[in-house]
Amino acid sequence: MKTFYIETFGCQMNVHDTEKVVGILLAQGYSRVLEPGQADLVLYNTCSIRDKAEQKVFQRLRQFKREAGRDKRFAVLGCVAQQEGLRIFEKAPHVSLVCGSASYTRLPGMLEQLEAGARRVTGLELDAGETFETPFTRRDNPYRAYVTVIEGCDKSCAYCVVPFTRGPERSRTSRSVMEEVRRLAGAGCTEVQLLGQNVNSYRDPSAAGWDFAALLARVAEVPGLRRVRFTTSHPRDFVRGIVEAIDSNPVLANHIHLPVQSGSSRVLERMQRLYTREDYLRRIEWIQVARRNIAISTDIIAGFPGETEADFQETLSLLDDVGYASIFSFKYSPRPNTPALGLDHQVPEEEKGRRLAMVQEKQRAIQLARNAELVGSLQEVLVEGYNQATGQWIGRTAQNRVLNFTRAGSNGASLLGEYLSVRVTRAGPNSLAGESVESAGTPPAAESV
Ligand code: 5AD
Ligand code: SF4
């Protein structure tokens, strides 16, 4: 019996790639184990977006170095594999397989080479015109599924490795996306999240020629689905049709993630983001004047080269202007191959840390105030988990807020995958707490403030 262990780092795209890779391994006759110590093949699906993420995989490889041998192989997949390529064999000579995400369709052949005794196998081509679609995808979650619509990225943001690690944009045909979504809904899945590095530049390669707004509207019509989400959007390609689609169909979750990175037009230009603060705020206005109350989240980078105190203050004021429901924020991390490496005026590490802390402190106050507005309201949640320690169920609202709740008389019956109405009783900066008030299966509660 051949066994494998896989660990995933990074974004949802990587999490979903792992589901596909697991499917391929199972189809090749491997079985999955949950400890690296028990596996014949140990795979790391890696992320290189920031240096810290990249270092994690090398830590892991060092940790298990002594165990490697003819009967125990190590594989590095994903973004670090693509970025570092053959250098991985120098840094970690006990690695046998290095494969970037654009080459996963060739994994079955590579696994066979490994089994036949090949010492080193690589898949590093980036120009693959094909998308990575496999009939074997093994999803862990029966009611919530990721569906890739576009792979790669054609933008060239000055700080970002993704164009180098995931290659050029390739859209799936709308037919293939629709078939997968119908199959998932038919099997009882109620939430899908459409994935791509830049979903807004989706362009159906078949004759139908749908853009992303059209695809989104059609996906939301698939019977059985209750929530459709998507990520991630590049502001430059974000069109009003997406807001209109959300307004016209309540199945489309009222949440948009629109990464801004900086509130200063000068910094945005140095980042090669292709929009100004004003362009971005115009898009925010489309969202804020929608009929539905749409939550907005974003990504912020603190301390990009050349960011002055005045630029940074513009980022802080943007947080106030938009009133984000949540943000992800990071210190700028210099990455190999990226244009920003050559920029002068790098911001000292300590100053980046100070700015990041200020961003997070300001946003914490904004979130606390925004969440407090929800106390007393009814929210519909999809139940995602149970916290033994607190005795609370963990739900998620359509706006993507975590709502921990108790439920009288549930008698230990699992509520996982149910949609429930929950009365919000308390608000913190990062989550809400409440009590479930109705029985499972009731129609959605009215959308709240
Ligand atoms: N340094 C810091 N943050 C980065 N991101 C992307 N590249 C870098 C980098 N070099 C952030 C951006 C992006 C998110 C996924 O990660 O904010 O939107
Ligand atoms: Fe990390 Fe970006 Fe690769 Fe996702 S696409 S795994 S975030 S480097």
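## Helix pair α7 and α8

The crossing of α7 and α8 is right-handed (the near helix is turned clockwise from the far one by less than a right angle). This is a predicted model: local features need pLDDT of at least 70, side-chain atom pairs count only at pLDDT 80 or more, and totals for chains, interfaces and linings use all residues. Residues are numbered from 1 along each chain as its sequence is written, chains are lettered from A and ligands numbered from 1 in written order, and side-chain values use heavy atoms, without hydrogens and water.

Helix α7 covers residues 174-186 and α8 residues 212-220; they pack at about 25°, axes 10 Å apart. Axes are lines fitted to C-alpha atoms, for helices over the stretch in contact, with angles from 0 to 180 degrees between N-to-C directions. So α7 is roughly parallel to α8 (under 35 degrees).

From α7, Ser-174, Val-177, Met-178 and Val-181 meet Leu-215, Arg-218 and Val-219 of α8 (contact: heavy atoms within 4.5 Å). These contact residues divide into five nonpolar, one polar and one charged.

Six strands form an open sheet in the order β2-β1-β3-β4-β5-β6, paired in parallel. Strands (E, at least two residues) and helices (H or I, at least four) are DSSP runs, numbered from the N terminus. Two strands pair if DSSP finds at least two bridges between them. Strands β2 (30-32) and β6 (121-123) are at the edges, each with a single partner, so one side of each lacks a neighbour in the sheet.

Three bridges join β1 (residues 2-8) to β2. Thr-3 stands opposite Ser-31 in β2.

Methods. Parallel < 35°, antiparallel > 145°, perpendicular 65-115°, else oblique. Nonpolar A, V, L, I, M, F, W, Y, C, P; charged D, E, K, R; others polar.
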